[in-house]
Amino acid sequence: MSRHYDSLETRTADERKAHLSKALPEQIARAKSLAGYGRSLADVDPAAITTIEDLAALPVLRKSELGAAQKAEPPFGGLIAGRPAHVFQSPGPIYEPGGISADWWRSGRAMYAAGIRENDIVQNCFSYHLTPAGMMFEGGARAIGCTVLPAGTGQTELQAQAAHDIACTAYAGTPDYLKIILDKADEMGLTLKFTKAAVGGGALFPSLRQEYADRGITCLQGYGTADLGSIAYESEAMEGMIVDEGVIVEIVTPGTGDPVAPGEVGEVVVTTLNPDYPLIRFATGDLSAVMEGQSPCGRTNMRIKGWMGRADQTTKIKGMFVRPEQVAALVAKHAEITKARVVAGREGEMDTMTVKIEAEGGDPAQFAKTVSEVLKLKGAIDVVPLGSLPNDGKVIEDTRSYD
């Protein structure tokens, strides 16, 4: 049985470059023909965009812009070709098209890398309700040839019973929900037969991965979004994540479209080669970095280090989102403030917020009203000396532990 999903995974650099030189201009031309790209790509010659380096000359498409386009021309902002088989909704709301042919989101490659094969029965615990995650992994499992239990989320006792009765061998879902099912099965005295898991949608902590390994379950994670489908995935080598063959990944300086130096952390920007939904330089808002070399598993595509945080630093504190532009507005309100940083913390089970204000003296009380008005939250205010805040570009720091 092959270790690799198909021959695309083991192409040489020259073979991959030759394919891209043909596929990329075709995709740019498709995008340019759509009403939603009419203005941003009006002056672009698709024939001139043949490499990943050429993409840097094109504008970045951000989620906020996608949302605005969808409001102006619902539901997809003039960015899709043809009529979709499904319509999904993500928070925002943002609407995503979906297809039912040929593993439309390309999840099969990631699931195959996790060891899932055609003789497996996959318990798919991603949601099938409004969001596309359930259908993403359904399509991947069916592409491999698996039998699927479309379990969705919740009803853990029924899930454990079904896993036992049907003898499910593979799990697809968020990293932590598998443990909930396993613990419930233990409580019910049921023996489950899971030996492999393909997870996403949350952090897979080393301790949890080890717990699964101790139970005889190999658990590997993938990285994708509702808009783009699969972006990258782990293989048995577990050295970073291998970029999917159906997308082009760039790492850029956050807030810009400028590629960073090799190995530097930046924002993940993705161009998809899906002809139905040609997203060009779509900014994910996630941070990552390119890894040198290729995976020991034999797959030759570029690797990234996986999810390394959010580029926009937006953080929810006390149930409210605090955004970098709000911190910038706070600084602009007072001439004496040179820099500010919002620090999210936790005391017991309660969120805390401290606003560190870099200024040449001053009473914290004089800034309290502005903090409350601009950030829509009250918190402690700490006036610190000029030059004392780190020069790391971070304006919102989350010190809460999620372990």
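Trainee: Let's start with Gln-155. Is Gln-155 buried or exposed?
Mentor: Gln-155 counts as exposed because its relative accessibility is 59%; the cut-offs are under 20% relative accessible area for buried, over 50% for exposed and partly exposed in between, with a 1.4 Å probe and protein chains only. Before we go on: this is a predicted model, where local features need pLDDT of at least 70 and side-chain atom pairs count only at pLDDT 80 or more, while totals for chains, interfaces and linings use all residues. Residues are numbered from 1 along each chain as its sequence is written, and side-chain values use heavy atoms, with hydrogens and water left out.

Trainee: Okay. What's the phi of Gln-155?
Mentor: Near 55°, which is positive in a residue other than glycine. Gln-155 sits in the loop between β4 (147–150) and α6 (156–166). Those labels are DSSP runs numbered from the N terminus: helices are H or I with at least four residues, strands are E with at least two.

Trainee: And what about the phi of Lys-318?
Mentor: Lys-318 isn't a glycine either, and its phi is positive at about 55°. You'll find Lys-318 in the loop between β15 (315–317) and β16 (320–322). With a relative accessible area of 43%, Lys-318 is partly exposed.

Trainee: Now the inside. Where is Gln-27?
Mentor: Gln-27 is in helix α1 (residues 13–32), and it counts as buried because its relative accessibility is 0%.

Trainee: What does its side chain make a polar contact with?
Mentor: The side chain of Arg-30, at 2.7 Å. A polar contact here is a pair of N or O atoms within 3.5 Å; within protein, one must be able to donate a hydrogen and the other to accept it, and residues adjacent in sequence count only if both atoms are side-chain atoms.

Trainee: Which residues in the largest nonpolar core touch the most other members?
Mentor: Among its 56 residues, they include Ile-28, Tyr-37 and Leu-58. The largest share, five residues, comes from α1. Such a core is a set of buried Ala, Val, Leu, Ile, Met, Phe, Trp, Tyr and Cys residues joined through side-chain atoms within 4.5 Å.
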